[in-house]
Every structure is written in C-alpha cells, then in structure tokens.
Amino acid sequence: MSGTIVVGVDGSATARKAAEAARDLAAALGATLHVVSAFDSERSDVFRTGSDKWLVSDADKAEHVARTVADTLGGDINITYSAAAGRPPDALIREAIRKEARVIVVGNRRMRGVGRVLGSVANSVAHDAPCDVYIANTYDAH
C-alpha cells in the first residue's frame, strides 16, 4: 500500500493506544506514520528562570506532544510529526489532506454514552475525512 497514515495524539493514554494501533497498521502496510497534535489557540506563556525568559506557545506544547509520541513508538517505519492549529477533527483532516493520507487513525474515546450523542473526534473525522478512517479500540478490555 505505502502512502501515509495520520494519527492524532493529545498526550492521553487513550491517544497513545490509537498511536500504537496506527504504528502497527503502518508497519503492516509499509506506510509512513504521521503523528499530529492539535492546538486551539496562539496563546503563549512566559516562564522565567533567574535572568532567562522562555516563551512557550500552545503550538510548541502540541509539537512537543507529537514529537514525544513519535520518538517513543519505535518500529521499523518512517514516522513524522507536527502540530496543527484548530479543533482536533479539523486539524486531523487538514493534515490528512496535506499529507495525501490514505488512512486517518482515531481512538474511540467518548464514543460511548452521552459522548456518542454529543459527538467525538472519531465521529467528526469519520463524517468529513478525505480518506479511510480506522477507529482503534482504546478502551481497556474487560
């Protein structure tokens, strides 16, 4: 198959499970894995240590999350990462278009109970994706 698989992460354990499923799928299909973390705003925080001042933006934080996940997934596949502005479903779809992805992998978090009615990232992506969507089971097995 080759091509690119896009997965969204936010630092949560369930997003990590989705990223691991995406890694396994990419390895099986000979695809590149692109790890994306979304951020909603251009807000920045200033941190001071002595006379040093650090400016950390939401974009920087999101890129750090994506890079950390990408760096720890392992496997014999090509893994890239980025931060993308916007709501998670919109950011994932834009990255999938930009990367000409063949598959977007999302977790099934918030697809049960009330969340199923109100919507979730997986639900939004599934309705608007320009490619196939793989919904990984990120709930603990009982």
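Reply: Let us begin with N108, which touches I135, A136, N137, T138 and Y139, leaving out residues up to four places away in sequence. The model is a predicted one. N108 itself lies in the loop between strand 6 and helix 4 (113-118).

Me: Why is N108 called buried?
Reply: The relative accessible area of N108 is 13%. Buried means under 20%, so N108 with its 13% is classed as buried.

Me: What makes the pair formed by N108 and T138 a polar contact?
Reply: A polar atom of the N108 side chain lies 2.8 Å from the backbone nitrogen of T138.

Me: Why is E100 called exposed, and where does it lie?
Reply: E100 is placed in the loop between helix 3 (88-98) and strand 6 (103-107). Its relative accessibility is 66%. Exposed means over 50%, so E100 falls in that class.

Me: What makes the backbone of E100 worth a remark?
Reply: E100 is not a glycine, yet its phi is positive, at about 50°. Most residues other than glycine have a negative phi. The residue follows helix 3.

Me: Which residues of helix 3 are buried, and what do they pack against?
Reply: P89, A91, L92, I93, E95 and A96 are the buried residues in helix 3. They pack against strand 1, strand 2, strand 5, strand 6 and helix 5 (121-128).

Me: How do you know that the sheet is open, and which strands stand at its edges?
Reply: The sheet has 5 strands in the order 5-2-1-6-7, with parallel pairing. Strand 5 (79-85) and strand 7 (132-136) each have a single partner strand, so one side of each is left without a neighbour in the sheet. From one strand to the next, the twist averages 25°.

Me: What makes strand 1 a partner of both strand 2 and strand 6?
Reply: Two strands pair if there are at least two bridges between them. Strand 1 (residues 4-8) and strand 2 (residues 32-39) have 5 bridges in the parallel sense, and strand 1 and strand 6 have 3, also parallel. Both counts therefore meet the criterion. On the strand 2 side, V6 stands opposite H34; on the strand 6 side, the bridge partner of I5 is V103. Strand 1, helix 1 and strand 2 also make a right-handed β-α-β unit.

Me: Why is T4 called buried, and what does it touch?
Reply: T4 lies in strand 1. Its relative accessible area is 13%, and the limit for buried is under 20%, so T4 belongs to that class. Residues up to four places away in sequence aside, T4 touches T32, H34, K99, A101, R102 and V103. Strand 1 is mostly covered, with 4 of its 5 residues buried.

Me: What makes up the largest nonpolar core, and which element gives the most to it?
Reply: This core has 20 residues, and those with the most contacts inside it are I5, V7, L33, V35 and V105. Strand 1, helix 1 (13-29), strand 2, helix 2 and strand 6 each supply at least two residues. Helix 1 gives the most, with 6 residues. A second, separate core has 12 residues, among them A84, A101, I104 and V106.

Me: What does V35 touch?
Reply: Apart from residues up to four places away in sequence, the contacts of V35 include V7, V9, A66, V69, A70 and L73. I79, T80, Y81 and S82 are also touched by V35.

Key: Residues are numbered from 1 along each chain as its sequence is written. This is a predicted model: local features need pLDDT of at least 70, side-chain atom pairs count only at pLDDT 80 or more; totals for chains, interfaces and linings use all residues. Side-chain values use heavy atoms; hydrogens and water are left out. Axes are lines fitted to C-alpha atoms, for helices over the stretch in contact, and angles run from 0 to 180 degrees between N-to-C directions. Buried means under 20% relative accessible area, exposed over 50%, partly exposed in between (1.4 Å probe, protein chains only). Contact means heavy atoms within 4.5 Å. A nonpolar core is a set of buried Ala, Val, Leu, Ile, Met, Phe, Trp, Tyr and Cys residues joined through side-chain atoms within 4.5 Å. A crossover is right-handed if, with the strands pointing away from the viewer, the path from the first strand over the helix to the second runs clockwise. A polar contact is a pair of N or O atoms within 3.5 Å; within protein, one must be able to donate a hydrogen and the other to accept it, and residues adjacent in sequence count only if both atoms are side-chain atoms.
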